[in-house]
Amino acid sequence: MQKRKLRIIRDFDDATEIFAKWSPSEIFRKIFHSSVMEALSLLRKNKEINVLEVGCGHGTWFEPISKLDFSKKIEYVGIDFSEKRIGAAKKLFKKNKNAKFFVADYLEFSSSKKYDLIFFIEVFQYADKKDFAKFFKKTKGMLKRDGYAVIIDKDKYSAHSLKVSLGKLFKKLPYYYRHVIYPSFSSLEKLAKAYGLKPVKRSKVKEFNAIVMKN
Ligand SMILES: C[S@@+](CC[C@H](N)C(=O)[O-])C[C@H]1O[C@@H](n2cnc3c(N)ncnc32)[C@H](O)[C@@H]1O
């Protein structure tokens with residue numbers, strides 16, 4: 001387990017430069033808007049909005065958040081267990097006082113704060129299925145009452161997942177795909193309910209799936 005985690009961290013550290021040049025496609029942005037941004041707009045009346053992004057990489061998704069007309073109310077924390085990717089995020093957003101980036105594994109992350117919104121974009125595909133329950137238990141404990149959690153990923157039972165499995169088998173994909181195993185969204189939904197999070201929205205844009213849960 002630890003070995004797998006260390007390999008994932010090494011691959012993301014090594015690929016930091018490659019990812020820093022990447023920006024999300026239109027369909028990726030679309031699902032982000034219909035899940036994460038929609039949850040944020042439901043929180044806009046709050047005095048302060050505490051947001052935690054797990055596996056934030058170089059901070060791609062903080063950028064649209066920082067452009068919201070109520071962004072001044074948002075206290076954003078991004079964590080990632082790749083030190084290099086967090087280094088890239090810190091460099092990119094050094095002028096944004098309401099964004100903080102930390103190197104941390106979510107399952108070991110401790111915070112004195114609770115959050116109004118916690119989101120995971122393409123993070124479950126790197127988690128061990130055996131740890132999924134721990135992710136939900138942790139999220140339940142870190143959310144404020146009526147807070148939201150959002151997961152965006154690709155579904156295990158999809159043509160895209162099959163394509164990636166074949167790509168891995170025939171070594172047609174870049175090295176950082178080797179650890180990818182997509183989660184089943186129906187299992188995620190069951191786990192959410194089991195850990196006291198109410199699924200309030202499921203959406204799909206091409207290969208991307210999203211689930212919004214409420215505490
Ligand atoms: C595919 S990248 C996605 C990055 C970002 N969410 C995005 O959409 O641009 C997955 C990221 O999750 C991070 N990650 C995976 N599991 C993690 C965990 N348990 N704790 C913290 N970071 C994690 C990886 O280091 C990697 O940067």
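What follows is a working chat about a predicted model.

Student: Before we start, what should I keep in mind about numbering and confidence?
Tutor: Residues are numbered from 1 along each chain as its sequence is written. The model is predicted, so local features need pLDDT of at least 70 and side-chain atom pairs count only at pLDDT 80 or more, while totals for chains, interfaces and linings use all residues.

Student: OK, how many residues surround the ligand, and which are closest?
Tutor: The ligand is surrounded by 18 residues, with Gly55, Gly57, Tyr106, Ile121 and Glu122 the closest; a residue is near a molecule if its C-beta atom, placed from the backbone, lies within 6 Å of it.

Student: What is its phi?
Tutor: Phi of glutamate 122 is near 55°, a positive value in a residue other than glycine. Most residues other than glycine have a negative phi.

Student: Switching to the strands, how does strand 4 pair with strand 5?
Tutor: Strand 4 (residues 115-121) and strand 5 run parallel and are joined by six bridges, and DSSP must find at least two bridges between two strands for them to pair. Isoleucine 121 of the ligand shell stands opposite isoleucine 152 in strand 5.

Student: And which strand pairs with strand 5 in the antiparallel sense?
Tutor: That is strand 7 (residues 208-214), which pairs with strand 5 over seven bridges, and there valine 212 is the bridge partner of valine 150.

Student: Why is strand 5 called largely enclosed?
Tutor: Strand 5 (residues 143-154) has nine of its 12 residues buried, so it is largely enclosed by the rest of the structure.

Student: Which residues touch the most other members of the largest nonpolar core?
Tutor: Leu117, Ile118 and Val150 do, in a core of 53 residues; such a core is a set of buried Ala, Val, Leu, Ile, Met, Phe, Trp, Tyr and Cys residues joined through C-beta atoms within 7 Å.

Note on methods: Buried ≥ 20, exposed ≤ 12 C-beta atoms within 10 Å, placed from the backbone. Helix = DSSP H or I, 4+ residues; strand = E, 2+ residues; numbered from the N terminus.
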